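Hello,

Here is the structure for you to look over. My notes follow below.

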Amino acid sequence: MTRAFVLALAAALALAAPVALASEQSPTLAELERELVCPTCDTTLSMSNAPIADRMRADIRERIAAGQTKSEIKAALVEQFGEAVLAAPPRSGFNLLAWLLPLGGLVAAALAVTLLARRWLRARPAGAATTGGPAANGVPPLDPALERRVDEELARFDA
Amino acid sequence: MTRRTTLVLQAVAIALVASLVGLLAWQVVNKEAAAGLVSAVQRGETPTAPPLDLPELEGDGRVTLASFRGQAVVLNFWASWCEPCKEEAPMLEEAWKRHRERGLVVVGVNAQDFENDAKDFVERYGLTYPVVHDGPGSSLGRYGLTGFPETWWIDREGRLVAYAQGEFTQEQLDANIERALRRS
């Protein structure tokens, strides 16, 4: 199972690498439109028909035609409009926090759930988890006299 | 988990939430302060103009609002792709030439624009007044701007005296210049 998973992961990575390289070397307008933001409307270029978005699209087309890579095009637009023009923050410097914090949050949440689950399991009385006895759900067992009376009432009801 | 560890974790969680709430509050207060400038001027108040320090569009120098203290300022925010800005540019150039001897300076703030497009615009309309470039538009929020063009008139003491959202009329431009030039 684990071996199959590792093999599948390796195959996926091996296939993804050339695709990413092609995208970097020969980016398309559609790709860049999804990865860049229109500065006046705060939506991606693909969702904007603002005048500045049209102008940015024209600029990107010219740069693609001139053979610039995706990183070069993005860097040129960042120089003009600042880092806010990137739909996703760069994975460096302070912006790295935007990528790491959600991951850190997930790890912390998983750790907290594991610790709490262990604590709850330890707090349960011995044998409760396996026998499924009357105290398993935290409800105290019935008084024998009361239990006998319930049985008598049920028998009378069935008759 | 020991009681001490639990307390430390709780303190960290509370500090994290408090800092996020603080950041949100800071952003809200800043936005409201900028929007408050517009409503204050509309009520007839004259709040102090927020500081401005931006690079020249052409040249290596910087332009600060503080350097114009003692002069009245027309601060016009524009972009080359903005249609009404094309109507305003010749009016601003004419006003600058007509009133500069009286102590008026027009400052154009080109924002959210390609630098080369802005330079072409300046050349096409023959603008000779100082123009600064703010590509990311970092100054827009401070002045409570919502779009282009928008214009502030600032008096000789650096106080905001009038504001126009969208294209101004010639009458508005002249009347507000006289107001800004008036000595208090």
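**What turned up**

R62(B) counts as exposed because it has 11 C-beta neighbours inside 10 Å, and the cut-off for exposed is 12 or fewer. Bear in mind that this is a predicted model.

More on that residue. R62(B) sits in strand β2 of chain B, residues 62–64. Setting aside neighbours within four places in sequence, R62(B) is in contact with D53(B), L54(B), P55(B) and E56(B).

Next, the core. The largest nonpolar core has 57 residues. Which of them touch the most other members? They are V74(B), W153(B) and I154(B). Strand β3 of chain B, residues 72–78, gives the most to this core: six residues. As background, nonpolar side chains in soluble globular proteins tend to be buried together.

W153(B) deserves a look of its own. Beyond four places in sequence, W153(B) is in contact with V74(B), V161(B), A162(B), N176(B), I177(B), R179(B) and A180(B).

Last, the contact between the chains. Chain A puts in eleven residues and chain B eight. On the side of chain A that touches chain B, α3 (51–65) and α4 (70–81) of chain A each supply at least two residues. The largest share comes from α3(A), with four residues. By class, that side of chain A has six nonpolar, three polar and two charged residues.

Best wishes

Terms used
Residues are numbered from 1 along each chain as its sequence is written. Chains are lettered from A and ligands numbered from 1 in the order in which they are written. This is a predicted model: local features need pLDDT of at least 70, side-chain atom pairs count only at pLDDT 80 or more; totals for chains, interfaces and linings use all residues. Two residues are in contact if their C-beta atoms, placed from the backbone, lie within 7 Å. Ala, Val, Leu, Ile, Met, Phe, Trp, Tyr, Cys and Pro count as nonpolar, Asp, Glu, Lys and Arg as charged, and the others, Gly among them, as polar. A residue is buried if 20 or more other C-beta atoms lie within 10 Å of its own, exposed if 12 or fewer, and partly exposed in between; C-beta atoms are placed from the backbone. A nonpolar core is a set of buried Ala, Val, Leu, Ile, Met, Phe, Trp, Tyr and Cys residues joined through C-beta atoms within 7 Å.
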